[in-house]
Amino acid sequence: MEKRLPGIITNSYGFANFSLSMMLNLGTVYYMNFLTDTAMISAALAGVIMLVGGGLDTASIFLSGSIIQKTQMRWGRFRSWFLFIPITTCVFFTLSFTNLPLNNSLKVIYLTVAYIIGHVSLNFAFNAHIGFISVLTTDVNERLRLSVRNIQFGMASSIFFSKGIIPLLEHLKVVKDSSQAFLYVVIILSIIQITGYWNLFYQTKGYEKYDPNLNTDPTSKITLLEIIKNVGGNGQLLLLMASDIMNQTMIFSIMGLAIYFLDNIAGNAAWMSNHSFITAILSFITAVYAPYVIKLFGKKNTYLIAMIWGAAFYFVLRMFGDVSVIHFTVIICLGNMVFGTAGPMRQAMYMDAAEYGFYKTGKDASAFTMSMFTLPIKIGITLSGAIIGFGLSFIGYTAGMEVTDQVAGSLMDIICYIPAGCGIVAMVLMLFYKLNDKKMIDIMAANNRRRAEA
């Protein structure tokens, strides 16, 4: 049995996700609001920014995954990216939250370009981070442990964000102005992101080194066409990704729309800090007990249960969520108690799909395959952002408008029925997924023998 990874490694791996998630939380929760209410861009144009920027960002995942798969720098195939790329991410993510005094057309172009470059840069470090799990260990249980720890730190970042960053942002809006508030906060979070990746780089010294024989290893030597065939012919990976796209759209739509509900329907924007804090606390608790649920039911069954439970509670949210901010938050939390168990095992499931691809083809495209982990997240962000922008435009939303009962009802429809539908589709797709835990034990045994022979 492979040796258990030291705690400093698993925690540093998770802390990198903590630092990145802190920065991404600002984008996920506030970017659409920044565009419409601070940069004063119309909801329709904001939707275009999210659709075009998010679409190109998503397309770049294939490029970043391919480059990581075929490139090996001084500090290894994955680990090298933790050193320089976070700086580029810091610069352009900051620029995407900078409200320059430009005319409307130039501002839209500028913010779109900054969004694209910042997120494309982020893809390299994040995909290397996700793929690094294949270097740290080949043990199925240790990979699940890393995956769970990664999510636990991500949930912890949401807690800190809700009670640390949101109050700071709101305070700065009062003592400065909205534009300066976003700028100061994004600079802080972008620097924290650098710290997380540099710490992971330092703590994993010796776990991955430059290997002159890596690209001549028959299991690792792989052409771009073989990569495409490996991923395109991996039916289980494609099923997982399709289901996961629905899952992520479900998550990001409610995150982006919550502020509109609290501000415009409930008239209590200050509750956003409490809402984020409560949901983050529960999400963290869910990530703690999720491994026991996964062990009891298996990864596939846990995913199925999570999706149908989550979808059901969005219908409940439509019926009772607009009664008060407490009803809104409590119903979402009750849904997340089970829905949230799917998150901690996502990374391990993509590693399963990567191993399945190796098992079927004899070619190890794990670096590229693991980069596909990011694709559903990006598509989910893009789809949810476009849905929010176009949905708000459809119901006639503009900053500072008076919200009638009809507009409020339409807004609740968007908040509830879109994610509910996504959850149902995700569940149906996962029914056809066949990489259960028993099958993966056999696949890993065969793959380890093949690696040893190579």
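**Reading helix packing**

Analyst: The model is predicted. Angles over 145 degrees count as roughly antiparallel, and helices α2 and α15 are therefore roughly antiparallel to each other. The axes of α2 (residues 43-70) and α15 (residues 374-394) cross at roughly 170 degrees and come within 8 Å.

User: Which residues of α2 and α15 make the contact?

Analyst: On α2 they include A43, G47, L51 and G54; on α15 they include L375, K378, T382 and G385. Sorted by class, this contact of α2 with α15 has 13 nonpolar, 9 polar and 2 charged residues. The crossing of the two helices is left-handed.

User: At what angle do α9 and α13 pack?

Analyst: Helix α9 (residues 235-265) and helix α13 (residues 346-361) pack at about 160 degrees, and their axes are 9 Å apart. The same cut-off of 145 degrees applies, so α9 and α13 are roughly antiparallel to each other. Their crossing is left-handed. Among the residues that meet are L240 and D244 in α9, and R346 and Y350 in α13.

User: How is the span of helix α7 checked?

Analyst: The expected span is 1.5 Å times one less than the number of residues. Helix α7 (residues 178-203) has 26 residues and should therefore span 38 Å, and its end C-alpha atoms are 38 Å apart, which agrees.

User: Which residues of α7 are buried, and what covers them?

Analyst: The buried residues of α7 include F182, L189, Q193 and Y197. What covers the buried residues of α7 includes α1 (7-38), α3 (81-96), α4 (104-131) and α6 (140-175).

How values were computed
Residues numbered from 1 in each chain as written. Predicted model: local features only at pLDDT ≥ 70, side-chain atom pairs only at ≥ 80, totals over all residues. Heavy atoms only, no water. Axes fitted to C-alpha atoms, helices over the stretch in contact; angles between N-to-C directions. Helix = DSSP H or I, 4+ residues; strand = E, 2+ residues; numbered from the N terminus. Parallel < 35°, antiparallel > 145°, perpendicular 65-115°, else oblique. Left-handed = near helix turned anticlockwise from the far one by under 90°. Contact = heavy atoms within 4.5 Å. Nonpolar A, V, L, I, M, F, W, Y, C, P; charged D, E, K, R; others polar. Buried < 20%, exposed > 50% of the residue type's maximum accessible area, 1.4 Å probe, protein only.
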